[in-house]
Amino acid sequence: MKKHIFITFCALLSLLNYQSAMAQKLESTDRSKFRQLGTELPTPNTYRTASGAPGHQYWQQKADYDMQVEIDDEKQTLTGKETITYYNQSPDALQYVWLQVDQNLFSKESDTYKTQNANLKDKLTFEQLQYMTSEYDFEGGYKISAVKDAATGTALRYSINKTMMRIELPRTLPSRGSYSFSIDWSFNIGDQLKVGGRSGYEYFEKDKNYLYEIAQFFPRMAVYDDVNGWQHKQFLGRGEFALTFGDYKVAITVPADHIVAGGGELVNANEVLTKVQQERWAKAQKSDKPVVIVTQEEATEAEKNRAKTKKTWKYVAKNVRDFAFASSRKFVWDAMNTKIGGKNIMAMSYYPKEGNPLWGQYSTEVVAHTLKVYSKHTIDYPYPVAISVHGPVWGMEYPMICFNGGRPEEDGTYSDRIKYAMISVIMHEVGHNFFPMIINSDERQWSWMDEGLNTFCQFLTEQEWDRNYPCRRGPARLITDYMKSSPDNLEPIMTNSESIKQFGNNAYAKPATALNILRETVMGRELFDYAFKEYARRWAFKHPSPADFFRTMEDASGVDLDWFWRGWFYTTEPVDVAIENMTEANANTLNPEEQTDEAAPADITKERNKTAIPQTAVEANPALKDFYNNAEPEKGVSNTEKAMYQQYLKTLSEDEQKVVKAKKYYYQIDFVNKGGLVTPVILEFEYEDGSKEVVRIPAELWRMNNEKISKIFPTTKKVKSVSLDPYLETADIDLSNNSFPKKAAPTKFELFRQRQQPQENQMQRKKREETSKQGMN
């Protein structure tokens, strides 16, 4: 028993010693916010270099598709067959390949339904409740009818694991080898407004027609790369896609009166367009303004009929990672030519009449504008077309084509909110052609690498559209509410796509804001723009990782940004810098003429000695007095003092004499980093003469002490007040401690009134007022 107790005691003592040693080790570890990103980033290699560039042995796979698909407009189904040729450009031999089968997201057995979180205290719509409980009467998911060797027709063994499909190859696929196989499939197309998702149909009750936006409609190759091997993380709905580049041939069969918008070049326009439409198409290719190819009158007439025959629209797309299309007899279609890098690019829009007047006025112009601004900040847009489609999907992107929302009221009026929401979503989704369609990051793992970078470029595009554009994301001041919210709502930007609580703030707004702060406040526009463009150039048509972005931005700019990546991307710390105190002082130059005579303070001893000592020795014996006892105190500065000062000045260097002779005030400002996230310090001094001056100090000010610092500021004028972050450019979450003397920071409270009826927009109100005036006349 005693032995057992002794052994237990020894084990406890050993544990305590170990914990103490670990604590000491942690204490001695560099925990500065300016330490380099070491273990956080992967080790550079021959595939991905320390500079952030692709290495000399970088490789990636390729997959070509030859597809034939058909939409049944009566049953809302899609059937298809494809031949995939997969090129193994890796150094590895492969025994099997993985494909994404994303339509299985809508299967009744989908993990998406099973893993939905909700609280009964929350307000739930009927659609949300049905979605979470999988109670929609919809049979979603792929029906795979054949998987075969393309050359022999021999059936291949395959296994479907939810949204992933493994095909076992009949023989090992060697490095630098290729293999072709075919798949036949079908699925039911979902009502997008009910089942959600990134594609589906919209049914228009008034004219009994369907509009289809079709994506993730074919089994697609998963990515095999040097980072993950096979990226076959399940698709749960939020973390989007990791896809392989390749060439596509797609034949789309639809009712003969449908108009098809495909993510590529239409190669049989002479077979599917009327002679008049072909003439308009030729005109649009030379026009710098939108030309209507299918008019609203033609689309309205088509709505009234149901073609019994079919047409096949044929598209090709080179070096793309995906393909999507839209089809409807309701489509109005307009297009224009825009030149980028000396190349002609067709900007186009497809929309039902319900989208007008907004879509006819703005959509194609916004597409062209977006291509120009993004090309300026990244690379020249390389594809021949860019398309915006209006339908049920509010915003989703694919190579050369995107689906966008924003619809006027039935009377044709619209609010400014709808107008700008529509313009912004078109900019955003067209912009996705660059991130991730060209700079092809892994969306399944890192949403911010496409959504965040794209939202930042969207912000730049909005600024060039209208000087007073009502931007929602990008300016630092707009992210502060999120960054000061409850820690339970926050995760670092470097969080997997499926684990983010506030997706819009974390994957879109915060990284976009971080990049804007880098550009405007940390690096400056010239350094940032060069480095950002270099990242796009290096990784165009490749698969970058977060480390490649971080390293390239530093490599191309010569700016150490590890502190910035750590704080903004790896933590949830906010910016909250406070001015704790400001002390004013004047330099003592030793000039006797500048010394002020101060009245001697009251002396308690002297006061009491007036009564305690009736008579001093000098008072008792006048013989002890001399000249100085009776002389008046000398006023001013003596010649002796002046001479001594001049002698002192001669001992100083020329620069030291300038400092002594300068008439300056000195202010010590004490700063406290309450939020934790280190940041540049921007100060605005207001002087007593009413003038102002802005002083900018890099974040390295905090390198010796991440929590508290003091700095002396010399001025030639007397300071009245000082303010921190005057332009709200650092995302400081608490403005109440940003000034000295302290100023009351205004806050807002929300007045809320339950609306019983839809609010009238400004256009409707103006129409009503004009009608009322006409009635009075």
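How many helices and strands does the chain have? The chain has 21 helices and 30 strands. The model is predicted.

**Figure 1. The whole chain.** The C-alpha trace spans about 135 × 105 × 55 Å along its principal axes. The chain has a radius of gyration of 36 Å, whereas a compact globule of 777 residues would have one near 28 Å. Buried residues make up 50% of the 777 residues. The accessible surface of the chain is about 40200 Å². Carbon and sulfur atoms hold 50% of that surface. Among contacts with a separation of 6 or more, 75% link residues 24 or more positions apart.

**Figure 2. Strand β14, residues 259-262, covered on both faces.** Ile259 and Ala261 lie on one side of β14. Val260 and Gly262 lie on the other. All of these four residues are buried.

**Figure 3. Pairing of β14 with strand β18, residues 325-328.** The two strands pair in the antiparallel sense. Four bridges join β14 and β18.

**Figure 4. Helix α8, residues 358-377.** The helix has 20 residues. At 1.5 Å a residue, α8 should span 28 Å. Of the 20 residues of α8, 15 are buried, so the helix is largely enclosed by the rest of the structure.

Methods
Residues are numbered from 1 along each chain as its sequence is written. This is a predicted model: local features need pLDDT of at least 70, side-chain atom pairs count only at pLDDT 80 or more; totals for chains, interfaces and linings use all residues. Side-chain values use heavy atoms; hydrogens and water are left out. Buried means under 20% relative accessible area, exposed over 50%, partly exposed in between (1.4 Å probe, protein chains only). Two strands pair if DSSP finds at least two bridges between them. The expected span of a helix is 1.5 Å times one less than its number of residues. The radius of gyration is taken over C-alpha atoms; the globule rule is 2.2 Å times the number of residues to the power 0.38. Contact means heavy atoms within 4.5 Å. Accessible areas come from the Shrake-Rupley method with a 1.4 Å probe; for residues, only the protein chains shown count as cover.
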